[in-house]
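Please look through the model below before reading on.

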Amino acid sequence: MAQRKLIVHEDPKSPISEAYRTLRTNLQFAKVNSELRTIMFTSSGPAEGKSTTIANVAVALAQSGRSIILVDCDLRKPVQHRIFGKRNKGVTNILVDDSPAEVFLQDTEINNLRILPSGPIPPNPSELLSSAKMAELLDELKKMADMILIDAPPTIAVTDAAVMAAKVDGIVLVIDSTSVRPEMAQKAKDLLIKANGHILGAILNRVEIEEEHSYYYYYYGNEKART
């Protein structure tokens, strides 16, 4: 597996880190009518960079002084424990064994940021994520942090993101500009909306800007693009 960098932490002066901080600002003002406490990141298909993106957004939010919990709800191909170098015990342990969440929360080297890994891969991810216990877990986590960020599986391939859509305050769709066809991105959006999800916007990932920093991140709100 290719190394996933926490670039906001490791290279805070880079143009990409600045783009993540801009995204942080956009998210903080994305939902003016009510408080934004739980945000799910998903993509249309695999390998679009959603896990790296949400990890860096979590770092950027934590650096602003807010307490953040990053939850890995990709119960099929979890990677957050690898990105942060932690043991993989968390969500499935809590849901299956009725264990308390605080036992599995792990501190990171970033102040204000804790992660809850996925735990062992279960045979029934969609059923676990759609369960009442999952909703109870989110409610419990909201008492422990200012904001909960959720790394969910791709939307089109499996139903996991759709069953989580109505449980969160907002959804960010990560789109790989080099591989995803517009109709696939549209299908992912339609599936999330049909599941009563509130889409905050989309991140167009891996956009070539200049030779010295060939990848950049853009945030697209509901009305227009913002960078």
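This is a predicted model: local features need pLDDT of at least 70, side-chain atom pairs count only at pLDDT 80 or more; totals for chains, interfaces and linings use all residues.

pLDDT is the predictor's confidence in each residue, on a scale from 0 to 100. The chain averages a pLDDT of 88, and 88% of the residues score at least 70. Residues are numbered from 1 along each chain as its sequence is written, and side-chain values use heavy atoms, with hydrogens and water left out.

The interior comes next. In soluble globular proteins, nonpolar side chains tend to be buried together. A nonpolar core is here a set of buried Ala, Val, Leu, Ile, Met, Phe, Trp, Tyr and Cys residues joined through side-chain atoms within 4.5 Å. Buried means under 20% relative accessible area, exposed means over 50%, and partly exposed lies in between (1.4 Å probe, protein chains only). The largest nonpolar core has 36 residues, and those with the most contacts inside it are Met40, Val71, Leu116, Met134, Leu137, Leu141 and Ile150. Helix 7 supplies the largest share of this core, 4 residues. Helices (H or I, at least four residues) and strands (E, at least two) are DSSP runs, numbered from the N terminus. A second, separate core of 32 residues includes Leu27, Val59, Leu70 and Val172.

Leaving aside neighbours within four places in sequence, Met40 is in contact with Ile150, Ala152, Ala161, Met164, Ala165, Val168, Gly170, Ile171, Val172 and Leu192. One of these partners, Gly170, sits in strand 6 (residues 170-176). Gly170 counts as buried because its relative accessibility is 0%. Beyond four places in sequence, Gly170 touches Leu36, Thr38, Ile39, Met40, His198 and Leu200. Gly170 and Leu27 are 143 residues apart along the chain, yet their C-alpha atoms are separated by 9.5 Å.

How many salt bridges does the structure hold? There are 7, a salt bridge being a side-chain nitrogen of Lys or Arg within 4 Å of a carboxyl oxygen of Asp or Glu. One of them joins the side chains of Asp98 and Lys133, at 2.8 Å from N to O. This pair links distant parts of the chain, 35 residues apart: Asp98 is in the loop between helix 5 (91-97) and strand 3 (106-107), and Lys133 is in helix 7 (residues 132-142). Asp98 counts as exposed because its relative accessibility is 56%, whereas Lys133, at 36%, counts as partly exposed.

Helix 7 also holds both Lys142 and Asp139, which lie 3 residues apart, about one turn of the helix. These two form a salt bridge whose closest N and O atoms are 3.6 Å apart. Lys142 is partly exposed at 27% relative accessibility, and Asp139 is partly exposed at 41%. Another salt bridge, 2.8 Å from N to O, joins the side chains of Arg181 and Glu183. Arg181 is partly exposed, with a relative accessible area of 47%, and Glu183 counts as partly exposed at 47%.

Lys50, Asp74 and Asp151 are linked in a network of salt bridges. Is Asp74 buried or exposed? Asp74 counts as buried because its relative accessibility is 5%. Asp74 lies in the loop between strand 2 (68-72) and helix 4 (80-83). Its contacts beyond four places in sequence are Lys50, Ser118, Asp151, Ala152, Pro153 and Pro154. Ser118 is 44 residues from Asp74 in sequence and 6.7 Å away in space, C-alpha to C-alpha. The side chains of Asp74 and Lys50 are joined by a polar contact of 3.3 Å. A polar contact is a pair of N or O atoms within 3.5 Å; within protein, one must be able to donate a hydrogen and the other to accept it, and residues adjacent in sequence count only if both atoms are side-chain atoms. A polar atom of the Asp74 side chain also lies 3.1 Å from the backbone nitrogen of Lys77.

How values were computed
Contact means heavy atoms within 4.5 Å.
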